[in-house]
Amino acid sequence: MVKINPADGYKVGPNASATVAVNNDDGEVPVTAIPTLSQWALMLLSLGLIGGAWRQRRR
């Protein structure tokens, strides 16, 4: 939502019109890969966590 307040040089009202130009001046944004775990790595991590919890519970 954009709100325009009246000022010198332009008129705000139901019959007023305007043109707005939006320039994309951000340039090139470098893309950084996010490392992810494969399904096997997630499974091994899960088994390790379950094993650790089971071991703690046995103490």
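## The model

This is a predicted model, in which local features need pLDDT of at least 70, side-chain atom pairs count only at pLDDT 80 or more, and totals for chains, interfaces and linings use all residues. Residues are numbered from 1 along each chain as its sequence is written, and side-chain values use heavy atoms, without hydrogens or water.

## Overall form

The protein chain has 1 helix and 0 strands. Both are DSSP runs, numbered from the N terminus: a helix is H or I with at least four residues, a strand E with at least two. The chain is more spread out than a compact globule, because its radius of gyration is 29 Å, well over the 10 Å that the globule rule gives for 59 residues. That radius is taken over C-alpha atoms, and the rule is 2.2 Å times the number of residues to the power 0.38. Along its principal axes, the C-alpha trace spans about 80 × 30 × 15 Å.

## Surface and charge

Of the 59 residues, 0% count as buried. Buried means under 20% relative accessible area, exposed means over 50%, and partly exposed lies in between (1.4 Å probe, protein chains only). The accessible surface comes to about 6,600 Å². Carbon and sulfur atoms hold 58% of that surface. These areas come from the Shrake-Rupley method with a 1.4 Å probe; for residues, only the protein chains shown count as cover.

The chain has 6 positive and 4 negative charges, and their mean positions are 38 Å apart. Lys and Arg count as positive, Asp and Glu as negative; His and the chain ends are not counted. Each charge is placed at NZ of Lys, CZ of Arg, CG of Asp or CD of Glu.

## Helix H1

Helix H1 covers residues 39–58. Its 20 residues should span 28 Å at 1.5 Å a residue, and its end C-alpha atoms are 29 Å apart, which agrees. The expected span is 1.5 Å times one less than the number of residues. The number of buried residues in H1 is 0, so the helix lies largely in the open.

## Before the helix

Ser-17 lies in the segment before H1. Ser-17 is exposed, with a relative accessible area of 71%. Its C-alpha atom is 60 Å from that of Met-43, 26 residues apart along the chain.

Val-29 is also placed before H1 and is exposed, at 60% relative accessible area. Val-29 and Ala-53 are 24 residues apart in sequence and 43 Å apart in space, C-alpha to C-alpha. Pro-35 sits in the segment before H1 too, exposed at 75%. Pro-35 and Arg-55 are 20 residues apart along the chain, with 30 Å between their C-alpha atoms.
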